[in-house]
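The points below are grouped by topic.

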Amino acid sequence: MKDSFILGDKEFSSRFILGSGKFDPSLIDACIKEANTQIITLALRRVGESRVENILNYIPKNITILPNTSGARNADEAVRIARLSRELGCGDFIKLEVIRDSKYLFPDNNETLKATETLAKEGFVVLAYMYPDLNFARDLVNAGVASVMPLASPIGSNQGLVMKRMIEILVSEIKTPIIVDAGIGRPSQACEAMEMGCAAVMANTAIATSSDIVMMARAFKNAIVAGREGYLAGFGSVKSKASASSPLTGFLRD
C-alpha cells in the first residue's frame, strides 16, 4: 500500500525529517542513509561558513533541503532570511521559526502568522513552527502553510510529548499535515506521535546528543515506521476489565 504525504509540489514516502543543527557535517550522509529521510533541515548561517565546512557539500542532491529561519525575532527578519535562502539556491521550502523568548525558545505565534502571510504569497512552501493552539493553526492554514509544526516540548529539551493533548486536537481538526517538531527525545516518543496520526516527526537534538548518532538515526526511523503502521492498522479498544485471549469454557469436563 502506498503511503505518502505531500508538501508543496513534492510527495514524500519517508515521514522522518532530520534536523542538522547540531551535527558534525561529516556524519550527515550516514545519518541520512540510516534514517531513510528525504528532508533535512538547514540553518542558513551554516551555508558557506567556509569552503571546507559548507554544510551543503555534505547533503546528497536527491534530498529536499528545508532551510529554517533560526535567529529571526520577528516577521520581518524571518521573511528576510527566507528570501536570502532562496537567493542562495536553497529552494522554496522554508521552516518558519520566529522566536523572541531566549529562555524557553517558544515561538511567537503572532509574528509567525505575519511572516506566513507574506511568504506564502511569494510562493514559498511554508512549514510553520508553532505553539500548539487550534485557532492559530486554523489561521496558519488560511494563510497558506504547507504544514503546521507544533512543538512537543521546548527545543532541545528531550522532554518528549509534553503537549500531547493539544497536538491530538490539531490532528483531529486540521487536514494540513501536522509535523511534530522540537522536544522529541526518544524513538518511543516519535513512535507515539505517529500513533496519534501525525504526518511526520522532526528530530535533531535526540540524535545529535546520543552516544551513537548513526544508530540513533536508525532507531528513530524504525520507531516512526512502527508508529505509522500501528496508526494505519487501527488500535483495539481499551477496556476497564480483563478479556481472555483464549476461550475459558468448553474444554474441561466435570
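In this predicted model, helix α8 (residues 213-233) supplies six residues to the lining of the second largest pocket, the largest share from any element. That pocket has a volume of about 240 Å³, while the largest pocket holds about 560 Å³ of space.

**Second largest pocket**
- In total, 14 residues line the second largest pocket.
- Nearest to the centre of this pocket are Asp3, Ser13, Arg15, Val225 and Arg228.
- By class, the lining of the second largest pocket consists of six nonpolar, three polar and five charged residues.

**Largest pocket**
- The lining of the largest pocket is made up of 31 residues.
- Lys22, Asn68, Glu97, Ile155 and Asn204 are the lining residues that lie nearest the centre of the largest pocket.
- Strands β4 (39-43) and β10 (200-203) and helix α7 (205-208) each contribute at least two residues to this lining.
- Of the elements, β4 gives the most to the lining of the largest pocket, namely three residues.
- Sorted by class, the lining of the largest pocket contains 13 polar, twelve nonpolar and six charged residues.

**Packing of α4 with α5**
- Helix α4 covers residues 134-143 and helix α5 covers residues 164-173; the two pack with their axes 10 Å apart, at an angle of about 40°.
- The crossing in which α4 passes α5 is right-handed.
- On the α4 side, Leu134, Ala137 and Arg138 make the contact, and on the α5 side the residues are Ile169, Leu170 and Glu173.
- The residues of this contact comprise four nonpolar and two charged, with no polar ones.

**Val171 in α5**
- Which helix holds Val171? Val171 has its place in helix α5.
- Leaving aside neighbours within four places in sequence, Val171 is in contact with Ile178, Met196, Gly197 and Cys198.
- Ala217 is 46 residues from Val171 along the chain, and the C-alpha atoms of these two residues are separated by 25 Å.

Key: Residues are numbered from 1 along each chain as its sequence is written. This is a predicted model: local features need pLDDT of at least 70, side-chain atom pairs count only at pLDDT 80 or more; totals for chains, interfaces and linings use all residues. Side-chain values use heavy atoms; hydrogens and water are left out. On a 1 Å grid over the protein atoms alone, a cavity is a set of points where a 1.4 Å probe fits but cannot get out, and a pocket is an open set with protein on both sides within 12 Å along at least five of seven lines; lining residues have an atom within 4 Å of a point. Grid points are joined across faces, edges and corners, and a volume is the space filled by probe spheres set on the points. Helices (H or I, at least four residues) and strands (E, at least two) are DSSP runs, numbered from the N terminus. Ala, Val, Leu, Ile, Met, Phe, Trp, Tyr, Cys and Pro count as nonpolar, Asp, Glu, Lys and Arg as charged, and the others, Gly among them, as polar. Axes are lines fitted to C-alpha atoms, for helices over the stretch in contact, and angles run from 0 to 180 degrees between N-to-C directions. A crossing is left-handed if the near helix is turned anticlockwise from the far one by less than a right angle, and right-handed if clockwise. Contact means heavy atoms within 4.5 Å.
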